[in-house]
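Visitor: I have a model open and some questions about the packing. Can we go through it?
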Amino acid sequence: MNKKSCLNCGHSVSGEFCSHCGQKSDTARITPVSLIRNDILGSIWHVEARFFHTLKEILFRPGRTAMNYIAGKRIRYNNFISLLLVLFGFNVIGFHFYERFASAEELSSDSEIRVFFSKYSKTVLFVIIPMLGAHAYFLFKRIKLNIAEHFIIGTVSLLGILILFLLDDMVSLIGLWKPVSKIFNGIDKILFGLSILFPAITYWNAFKNLYSKAGLLWRVFILYVLMGAESLIIIAVLYKIF
């Protein structure tokens, strides 16, 4: 096999990528065609394709996605923490547009949970992951994951909730149009219900082959009881302070 030097670091290269710095070995002179095809269109397609692939995997295979990431299969996914911040920003924007276009009557009829999340979303963001991770660490001890790895599963759970909340904002915006309001109000309720159930879906999808159905059910039930009790305490404290 012909060897050549990496144009970035000078090390000998025999494959598609330099083993020292990771740069592609077929780096050629930049031309107008290669600039458009590789640097501009290629970069946009690579970023968008991985972004939407990650969203799809989190929505439809959240537990397996988290376990794949923990197992080291990470190149196929966007960084979860970066994605968390992006989705959090999109949710803030989506809710802002809903508040801008909704009537006073529609805003007053919004659920307390939606209003609470809009006001204290940053607190929710930083509390859900450690709560899920800490409880799951003890409830799913047999899996032998460390606390940081359980935090990854908690992060995927929150990502799924944020995706559903973002879809819910879009549905709510469309539902402001009176002729379709009843249909989209129904979809809104379904999405909200799925967001509540999403952590259970995540852990079920992750561990369904490692526990019996009964064993998995009681662990998820205890997880929800603990999360619910702690959430009520946090909400009470926030209401008292603010």
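Guide: First a definition: buried means under 20% relative accessible area, exposed over 50%, and partly exposed in between, with a 1.4 Å probe and protein chains only. This is a predicted model, in which local features need pLDDT of at least 70 and side-chain atom pairs count only at pLDDT 80 or more, while totals for chains, interfaces and linings use all residues. Residues are numbered from 1 along each chain as its sequence is written, and side-chain values use heavy atoms, leaving out hydrogens and water.

Visitor: Fine. Is Arg-61 buried, exposed or partly exposed?
Guide: Arg-61 is partly exposed, at 34% relative accessibility. Its side chain forms a salt bridge with Glu-57 at 2.9 Å, N to O. A salt bridge here is a side-chain nitrogen of Lys or Arg within 4 Å of a carboxyl oxygen of Asp or Glu.

Visitor: How many salt bridges does the structure hold?
Guide: Two. The other pairs the side chains of Glu-57 and Lys-56, at 4.0 Å, N to O.

Visitor: Changing topic: which residues touch the most other members of the largest nonpolar core?
Guide: Ile-58, Met-67, Leu-87, Phe-140, Ile-153, Tyr-203 and Phe-207, out of 43 residues. A nonpolar core is a set of buried Ala, Val, Leu, Ile, Met, Phe, Trp, Tyr and Cys residues joined through side-chain atoms within 4.5 Å. Helices supplying at least two residues each include H1 (32–60) and H8 (213–241), and H6 gives the most, with 11 residues. Helices are DSSP runs (H or I, at least four residues), numbered from the N terminus.

Visitor: What does Phe-207 touch?
Guide: Leaving aside residues up to four places away in sequence, Phe-207 touches Met-67, Phe-140, Ile-143, Leu-145, His-150, Ile-153 and Leu-216. Contact means heavy atoms within 4.5 Å.

Visitor: Back to H6. How do the axes of H6 and H7 cross?
Guide: At roughly 175°, coming within 9 Å. The two helices are therefore roughly antiparallel, a label for angles over 145 degrees. Axes are lines fitted to C-alpha atoms over the stretch in contact, with angles from 0 to 180 degrees between N-to-C directions.

Visitor: Where does Arg-100 lie?
Guide: In helix H3. Arg-100 is exposed, at 58% relative accessibility. Its C-alpha atom is separated by 9.9 Å from that of Leu-173, 73 residues apart along the chain.

Key:
Angles under 35 degrees count as roughly parallel, over 145 as roughly antiparallel, 65 to 115 as roughly perpendicular and the rest as oblique.
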